[in-house]
Amino acid sequence: MTTLLVTGGAGFIGSNLVRMVAATGQYRLVVLDALTYAGNLQNLEGVIDGHRVIFVHGSITDAELLSKLFADHTIDAVLHLAAESHVDRSIASAAPFVETNVTGTLRLLEAARAASVRRFVHVSTDEVYGTLGPEDPAFTEETPLQPNSPYSASKAASDLLVRAFVHTYGMDCVTTRCSNNYGPYQFPEKLIPLMTLNALEGKPLPVYGDGRQVRDWLHVEDHCRGIMLSLERGRAGEVYNFGGFGERFNIDIVRGILEATGADASLIRHVTDRPGHDRRYAIDPRKATSELGWHPVHSVEKGLADTIAWYKENAAWCENVRSGAYLDYYAKHYGTSL
Ligand code: NAD
Ligand code: TYD
């Protein structure tokens, strides 16, 4: 059976991906995660079985650990999702983003190359393309890279390293760039889970600036299907964009959350805008549709309603995340403290 290494598999998208792939029974999965504040092993509860789905605690920056991991587990392909992922944190402190997203990706590429893996799927973001005006056409794979935040700059740097490994060493890599994801298990520092939990708790909803920035919302399950299609059908060396045809103003997303939770509009607070805030992202996913047969199946309205319902129904998960108790999950289940 083919063995996949999933980096960042305890995070939001990674854990949704591991759950989806594990349910098919088609692959053996080795999950590598450093369990930073964003990693939550509770996201994989009932999935890690030590046999078909194995968890390894460690960092993609640790070259020694990586070479042992590739040798011990005979990895066939890599799905690389581990990253520092939050723009606001990158504005507060850029160095961890360079360390994980750039140095970590380089170490992982080196280890994967040394182990002659068959394919390396690098999960990136539409934010590497920069920002759009209201009438600009959506990003294609040919759009120049013009990252504006330390986060997107570090992701663009990692994309360029992947490109260099393809061209210099003939490595088989595929890069995916997707728009803003939403869905279950997202850490509540990102817009949708933050606003949902605040609305449910009657706390203020901090909308940056005028709230008329546009994001193209993609349900995490649609993204995960895109990652697997890139693995299975993507052409070596290519980039594929994934978007949800879900462009919405932030303020409209927030109003939708107020409506679905029954919270009062007076909770909205327009706060100081994010420095260098990208105004609009939009993805043209036609290449993924024509080459991979991919298209998103979740509409934003239904997907958002389902997501809000998930947060309501999973109060224990929300409470563990909000209180920080989730950070002890590893010690409780694996016997050592982090
Ligand atoms: P996340 O922050 O929820 O999860 C990241 C995971 O990586 C966490 O489990 C964390 O513990 C782990 N990690 C961090 N540093 C590590 C290291 N040095 N070694 C090993 N593991 C480490 O992020 P996410 O939202 O799930 O994003 C996953 C990937 O998708 C990222 O590469 C991100 O750039 C990309 N992406 C995300 C979105 C989005 O909307 N969330 C959109 C486009 C692209
Ligand atoms: P976010 O979820 O952080 O994703 P990204 O910055 O990667 O797009 O933010 C989505 C949008 O929501 C972005 O335009 C910033 C805005 N935002 C707020 O207005 N208030 C908030 O508290 C947060 C976290 C984000």
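Where is Lys 190 found? In this predicted model, Lys 190 belongs to the loop that joins strand 7 (181–182) to helix 6.

## Lys 190 and its surroundings

Once its neighbours within four places in sequence are set aside, Lys 190 is in contact with Ser 85 and His 86.

## The site of ligand 1

Polar contacts to oxygen atoms of ligand 1 come from both backbone and side chain. A polar side-chain atom of Lys 155 is placed 2.7 Å from an oxygen atom of the ligand. For Ile 13, a backbone N or O atom lies 2.8 Å from an oxygen atom of ligand 1. At Thr 36, a polar backbone atom is 3.1 Å from an oxygen atom of ligand 1. Ligand 1 taken alone exposes 830 Å², of which the protein buries 96%.

## The site of ligand 2

Around ligand 2 there are 18 residues; Glu 127, Pro 206, Arg 215, Arg 274 and His 277 come nearest. The shell divides by class into 8 nonpolar, 5 polar and 5 charged residues. Helix 6 and strand 8 (205–208) each supply at least two of the residues in this shell.

Pro 206 places a polar backbone atom 2.7 Å from a nitrogen atom of ligand 2. Tyr 208 has a polar backbone atom 2.9 Å from an oxygen atom of the ligand. In the case of Arg 215, an N or O atom of the side chain is 2.7 Å from an oxygen atom of ligand 2. When ligand 2 is taken alone, 510 Å² is exposed, and the protein buries 96% of that area.

## Packing of helix 6 with helix 8

Two packed helices are described by the angle between their axes and the distance between the axes. Helix 6 (residues 191–201) packs with helix 8 (residues 250–261) at an angle of about 35 degrees, and their axes are 10 Å apart. The crossing of this pair is right-handed.

On the side of helix 6, the contact involves Leu 191, Ile 192, Met 195, Thr 196, Ala 199 and Leu 200. These residues meet Asn 250, Ile 253, Val 254, Ile 257 and Thr 261 of helix 8. The contact of the two helices contains 8 nonpolar and 3 polar residues, with no charged residues.

## Packing of helix 2 with helix 4

Helix 2 (residues 63–73) and helix 4 (residues 95–114) also pack at an angle of about 35 degrees, with 9 Å between their axes. This pair, too, makes a right-handed crossing.

Helix 2 contributes Ala 63, Leu 66 and Phe 70 to the contact, while helix 4 contributes Arg 107, Leu 108, Ala 111 and Ala 112. By class, the contact of helix 2 with helix 4 has 6 nonpolar residues, 1 charged residue and no polar residues.

Methods:
Residues numbered from 1 in each chain as written. Chains lettered and ligands numbered in written order. Predicted model: local features only at pLDDT ≥ 70, side-chain atom pairs only at ≥ 80, totals over all residues. Heavy atoms only, no water. Axes fitted to C-alpha atoms, helices over the stretch in contact; angles between N-to-C directions. Helix = DSSP H or I, 4+ residues; strand = E, 2+ residues; numbered from the N terminus. Left-handed = near helix turned anticlockwise from the far one by under 90°. Contact = heavy atoms within 4.5 Å. Nonpolar A, V, L, I, M, F, W, Y, C, P; charged D, E, K, R; others polar. Polar contact = N/O pair within 3.5 Å; in protein donor to acceptor, adjacent residues only side chain to side chain. Areas by Shrake-Rupley, 256 points an atom, 1.4 Å probe, with all protein chains shown as cover. Near = heavy atom within 4 Å.
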